[in-house]
Amino acid sequence: MFVISSEGNTAMKIKTLGRHVREGIKNIGRNGWMTLAAIVSVMVTLLVLGVFLLLALNVNHIADNIEQDVEIRATVELEANESDIETLRNQLAAVSGIAQIEFVPSEQGVEEFLASLGEDARYFEELKEDHEFLPDMFVIQTKNPQDTPDIAQQIEQLDSVGKVNYGGETTETLFSVTNTVRNIGIIFIIGLAFTAMLLIANTIKVTINARKTEIEIMKLVGASNSFVRWPFFIEGLVLGVVGALIPALILIFGYDQLLRSVSETIRLPFFQLLPMYPLAFQISFVLIGIGAFIGIWGSIISIHRFLRV
Amino acid sequence: MPMIRMRGVYKTYANGVHALKNVSVDIEPGEFVYVVGPSGAGKTTFIKLMYSEERPSKGEVHVNSINLSDLKNRDKPKLRRSLGVVFQDFKLLPRLTAFENVAFAMEVTEKPKREIKKRVMEVLDLVRLKQKARSYPHELSGGEQQRISIARALVNKPGLVIADEPTGNLDPDTSWGIMELFETINHLGTTIVMATHNKDIVNNMKKRVIAMEHGEIVRDQLRGEYGYED
């Protein structure tokens with residue numbers, strides 16, 4: 001898209017590249033306030049983008065956790081014997097999209113239930129003899145939680161299966177909520193990334209507009225387009241990367257603090273934030289990538305129209 | 001082939017102004033030519049055609065044996081390195097020192113650093129501003145800035161230097177200094193084409209004078225005079 005070719009002469013000498021790099025870095029100093037404005041605008045927009053990226057990734061992660069807790073409970077009919085149960089297990093294993101099948105015999109189910117009651121369990125001791133209260137059952141987890149309703153329907157058709165329960169409408173509502181949250185997150189991030197690009201490109205454009213005359217002079221004394229372009233290319237790159245490094249550092253330290261305080265105060269099984277690694281690297285990588293891209297893109301696009309002298 | 005040859009050159013701008021009409025001229029190596037005429041006569045367009053800031057609408061322009069009528073954008077740098085241009089407003093890069101400004105015109109040719117340094121000091125010496133090498137343009141007087149821009153025009157040892165009203169922003173005394181400098185450069189063998197409004201200088205120098213009016217050459221004299229009242 002943006003070809004940095006060496007026009008009108010043979011391949012650029014390495015020494016000349018060195019000159020362009022030096023010149024590009026020098027320009028950052030020479031432009032003082034303009035450079036500062038551009039770096040700050042990259043910093044602020046990428047910081048906001050980074051915060052929302054972290055937020056969206058964590059909301060997604062929490063939604064995943066909540067969805068992972070959805071499971072199908074299929075009771076076995078009371079009259080089924082052991083070989084029926086074994087057949088059913090095999091049939092279940094053949095259903096596609098199932099991640100895990102666990103058989104919970106009636107006794108174990110009741111014990112787990114009683115254990116969950118704690119002290120009050122003693123009032124329900126007689127349930128241990130009552131197979132109708134809590135029959136044998138299969139607890140099934142699907143590979144993709146969103147497939148749960150479909151798979152539950154398939155399981156219902158199998159022989160020896162009594163009732164199938166997966167939370168029904170509650171689960172479907174949960175899925176629609178988590179899906180909405182994810183989509184809003186994605187739209188928000190894309191919108192924000194786009195705004196960031198425009199804002200930063202605009203700042204860079206203003207800084208380069210101020211140098212329109214310079215570019216024209218360079219062309220008039222015989223500089224080729226690539227000779228003019230290279231230092232701007234380097235300048236944009238450095239500007240974008242420096243502008244991204246600072247928000248990346250702020251986000252990493254801030255997120256570290258957040259993780260510490262959350263782990264001390266909120267203890268909900270599904271409320272697990274994403275761990276520091278590899279998230280910290282991913283975020284830094286994304287921000288620096290965007291910064292570098294926007295820096296280069298902004299400067300190359302902006303000088304393009306001044307080169308026609 | 002002369003250094004500059006124009007044949008039947010017309011230039012019409014996008015806004016409909018006919019800046020040049022049927023201009024034909026030959027300028028030989030080593031000549032010193034003044035281009036005179038009232039404002040709007042087409043002097044600047046005539047000059048701009050020579051370093052390809054403008055393209056002729058019709059006709060042929062050859063400079064240093066390069067045909068500018070169909071010169072591609074990517075070939076313009078080569079032309080501009082083969083000649084020097086001096087502007088009324090100096091056109092120095094404001095963020096570079098005097099030395100760096102002169103060096104820039106040579107850096108674009110990708111010459112070795114040591115050679116650039118040596119040659120830049122040479123031309124700064126020629127314009128007698130060696131001691132201001134580290135100064136920035138805003139720290140220099142108008143005359144000094146113009147000397148730096150002349151040094152820049154000379155750094156690549158061009159056979160041709162083109163100047164568009166080089167003394168237009170300078171007081172009479174300073175203008176004389178600049179003119180003497182051009183005289184020296186011409187004596188060293190460089191062809192000079194200069195558009196000017198400076199009557200005294202033209203009348204005193206007795207060089208070739210090309211007078212333009214309404215986009216046409218109306219007079220072309222060896223050892224000519226300015227010929228207009230101020």
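Predicted model: local features only at pLDDT ≥ 70, side-chain atom pairs only at ≥ 80, totals over all residues.
1. Extent of the interface. The size of an interface is often given as the accessible area lost when the parts come together. For chain B and chain A the buried area comes to about 2,200 Å², and carbon and sulfur atoms account for 57% of this value. On the side of chain B, the greatest losses of area to chain A fall on R80(B), R95(B) and E110(B), which together make up 32% of what that side buries. In terms of residues, the contact draws 23 from chain B and 25 from chain A.

2. Side chains of opposite charge can pair when their charged atoms come close. Between chain B and chain A there are three salt bridges. A salt bridge joins the side chains of E100(B) and K26(A), with an N to O distance of 3.9 Å. The cut-off for a salt bridge is 4 Å, and the distance for E100(B) and K26(A) is 3.9 Å, so this pair should be read with that limit in mind.

3. Make-up of the chain B side. Two elements of chain B, α2 (76–81) and α3 (98–107), each give two or more residues to the side that touches chain A. By class, that side of chain B holds 12 charged residues, 10 nonpolar residues and one polar residue.

4. The six-stranded sheet of chain B. Six strands of chain B form an open sheet in the order β6-β7-β8-β3-β9-β10, and the pairing is mixed. The edges are taken by β6 (83–86) and β10 of chain B; each has a single partner strand, so one side of each has no neighbour in the sheet. On average, neighbouring strands of this sheet are turned by 15° against each other, direction ignored.

5. Pairing around β9(B). Strand β9 (residues 208–213) of chain B pairs with β3 (residues 32–36) of chain B in the parallel sense, over four bridges. With strand β10 (residues 216–221) of chain B, the pairing of β9(B) is antiparallel, over five bridges. The hairpin formed by β9(B) and β10(B) has two residues between the strands, and in its turn H214(B) has a positive phi of about 45°.

6. Helices on the six-stranded sheet. Helix α1 (residues 43–50) of chain B lies across β3, β6, β7 (160–164), β8 (191–195) and β9 of chain B, and runs at about 150° to β7(B). Helix α6 (residues 172–187) of chain B also packs on the sheet, where it touches β3, β6, β7 and β8 of chain B; the direction of α6(B) makes about 150° with that of β8(B).

7. The four-stranded sheet of chain B. A further open sheet in chain B has four strands in the order β2-β1-β4-β5, with antiparallel pairing. Its edge strands, β2 and β5 (66–67) of chain B, each pair on one side only. Strand β1 (residues 4–12) of chain B is joined by five bridges to β4 (residues 58–63) of chain B, with V61(B) as the bridge partner of M6(B). Six bridges join β1(B) to β2 (residues 18–27) of chain B, and I4(B) has I27(B) as its bridge partner. Two bridges link β4(B) and β5(B), where H62(B) is partnered by N67(B). Five residues lie between the strands in the hairpin of β1(B) and β2(B), in which G16(B) takes a positive phi near 95°.

8. Local backbone features. Although F90(B) is not a glycine, its phi is positive, at about 65°. F90(B) lies in the loop between β6 and α3 of chain B. In chain A, the peptide bond from Y277(A) to P278(A) is cis, with omega near 5°, and P278(A) is found in helix α9 (residues 276–304) of chain A.

9. Salt bridges in the whole structure. Over all chains, 20 salt bridges are found. In chain A, the side chains of R182(A) and D64(A) form a salt bridge with an N to O distance of 2.6 Å. This pair links distant parts of the chain, 118 residues apart: R182(A) belongs to helix α6 (residues 168–209) and D64(A) to helix α2 (residues 33–68), both of chain A.

Methods: Residues numbered from 1 in each chain as written. Chains lettered and ligands numbered in written order. Heavy atoms only, no water. Contact = heavy atoms within 4.5 Å. Buried area = accessible area lost by both parts, 1.4 Å probe. Nonpolar A, V, L, I, M, F, W, Y, C, P; charged D, E, K, R; others polar. Pairing = 2+ DSSP bridges. Axes fitted to C-alpha atoms, helices over the stretch in contact; angles between N-to-C directions.
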